[in-house]
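Hi,

Here is the model I promised to pass on to you.

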Amino acid sequence: MPTSAPWDSLWIDLSVATMDSKAGPDGYGAIADAAVGIKDGRIAFVGPRSALPDAPDALATEVQSGGGGWMTPGLIDCHTHLVYGGNRAREFEMRLNGATYEEIARAGGGILSTVTATRAADEDTLLAATLPRLDSLLAEGVTTVEVKSGYGLDTETETRMLCVARRLGQVRPVEVRTTYLGAHALPPEFRNDPDGYIDRICAETLPAIAEAGLADAVDAFCEGIGFSVAQTRRVFETARRLRLPVKLHAEQLSNLGGAKLVAEFGGLSADHIEHLDEDGVAAMARAGTVAVLLPGAFYALRETKMPPIDALRRHGVAMALSTDNNPGTSPVCSLLLMLSMGCTFFRLTPAEALAGVTRHAATALGLDDRGVIAPGKRADLAVWRIEHPAELAYAIGLNPCVAVVNAGVARSPRIGGTAA
Ligand code: DI6
Ligand code: FE
């Protein structure tokens, strides 16, 4: 083992989709017969193998074969509600047996049933409930995941959810980014007082969570059944005072102007956006706010209104794709399935879809150190047994991931068991 080898590891026998912004006409930044060198958890070299300055063995302590497959950046799931208690399968069944959403809500169902179950669960219970969902994502090459709060609504439970989210990154090989989503639903104790609830978020919960360092960003559900633009603005003003970036569930069911609001605050992303209009698209383009498309919720709600993909393309707004994993409207634990749905429902190209779970997903989280394979970036990588990257968006229910690298450390995609 050469002790003087400049790199820790070197991957050969593979093609690479760098997903670099200068990816070229194919959109993948493809390099055939490539080599990727890693040093101290970062990319030290990426290029054709013929451009290596020396023999592989002389360059790295460990030489790894990609088995003739493809390497992409590690996938990034930039919008999830992964931590919650219980599930809503019975409610799903009741609806298919004819019960209406209102009947279910009156019987204590809907989002508030998840709030009740989450409040009743301690940290270990929530962690155990979340790990199988996380492990499904990790098996498909996910190396960074965003996790929102929003099923506790009181300060104690919101804090607990975010602590569980942070623990996920300690017990699993994944980077977790946390988002405080207190303005997700009106808790029962504020039933007739939404402004009073916003008061509490701004005066108590959000400052406490910021002080504890538990949130990387702040989100809200700006919608007729959620919170108004004026209420969301108050949450965003508090976030700004606490120096936390914002993002927003915007124009999912109607066009309230949430995307313009989040753009006004220089927000990271506007998410869902099926009902977004061209003015909102233009505001996002000016602010560099990413459009996060969530085809799992589109599917589960049997939505028919398409997000304005052509306008987003015309204005040069970056489009990310994510699972929106949540128990009500997107019980989705497969980011690869979102590539397929993003292409089939929203007519993204496979290259746009892959950029949506790599480069643009990183931007939606405010991370510029990942999402592409380029010198100096984090060595978060996924290796796939495929002949062309379009296969990642084309196949349904097939997982061709054969290896994952987290900050330079290679692992098997499948994480055994569910123990913490
Ligand atoms: N938009 C949604 O579709 C989900 N949350 C949100 O802000 C619904 C969450 C749930 O029903 O549990
Ligand atoms: Fe969501």
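The C-alpha centres of domain 1 and domain 2 lie 31 Å apart. The domain assignment, which is automatic or taken from a database, gives 7–72 + 373–411 as domain 1 and 75–364 as domain 2. Where they touch, the contact (heavy atoms within 4.5 Å) takes 26 residues from domain 1 and 22 residues from domain 2.

Before going further, some housekeeping: this is a predicted model, in which local features need pLDDT of at least 70 and side-chain atom pairs count only at pLDDT 80 or more, while totals for chains, interfaces and linings use all residues. Residues are numbered from 1 along each chain as its sequence is written, chains are lettered from A and ligands numbered from 1 in the order in which they are written, and side-chain values use heavy atoms, with hydrogens and water left out.

Back to the interface. About 1700 Å² is buried between domain 1 and domain 2, 64% of it on carbon and sulfur atoms; buried area here is the accessible area (1.4 Å probe) that two parts lose on being put together, summed over both. On the domain 1 side, Met19, Ala393 and Arg411 supply 31% of the area buried against domain 2, more than any other three residues.

There are 7 residue pairs in polar contact between domain 1 and domain 2, both residues being at pLDDT 80 or more. For a polar contact, a pair of N or O atoms must lie within 3.5 Å; within protein, one must be able to donate a hydrogen and the other to accept it, and residues adjacent in sequence count only if both atoms are side-chain atoms. Strand S14 (381–384), helix H16 (391–394) and strand S15 (401–406) each supply at least two residues to the side of domain 1 that touches domain 2, and S15 gives the most, with 4 residues. These elements are DSSP runs numbered from the N terminus: helices are H or I with at least four residues, strands E with at least two.

**The salt bridge across the interface**

How many salt bridges cross between domain 1 and domain 2? The rule finds 1, where a salt bridge is a side-chain nitrogen of Lys or Arg within 4 Å of a carboxyl oxygen of Asp or Glu. The structure as a whole holds 25 salt bridges.

I found Arg378 worth a look. Its side chain forms a salt bridge with Glu175, the closest N and O atoms being 3.7 Å apart. This pair links distant parts of the chain, 203 residues apart: Arg378 is in the loop between helix H15 (359–364) and S14, and Glu175 is in strand S8 (residues 175–183). Arg378 also meets Asp380 in a salt bridge, at 2.8 Å, N to O. Glu175, Arg378 and Asp380 belong to a network of salt bridges that also links Asp369 and Arg370.

Arg378 counts as buried because its relative accessible area is 15%, and buried means under 20%, exposed over 50% and partly exposed in between (1.4 Å probe, protein chains only). Asp380 is buried too, at 4%, whereas Glu175 is partly exposed at 27%.

Ile104 is found in helix H3 (residues 101–106) and is buried, at 3% relative accessibility. Leaving aside neighbours within four places in sequence, Ile104 is in contact with Glu91, Met94, Arg95, Ala99, Gly109 and Gly110.

Best wishes
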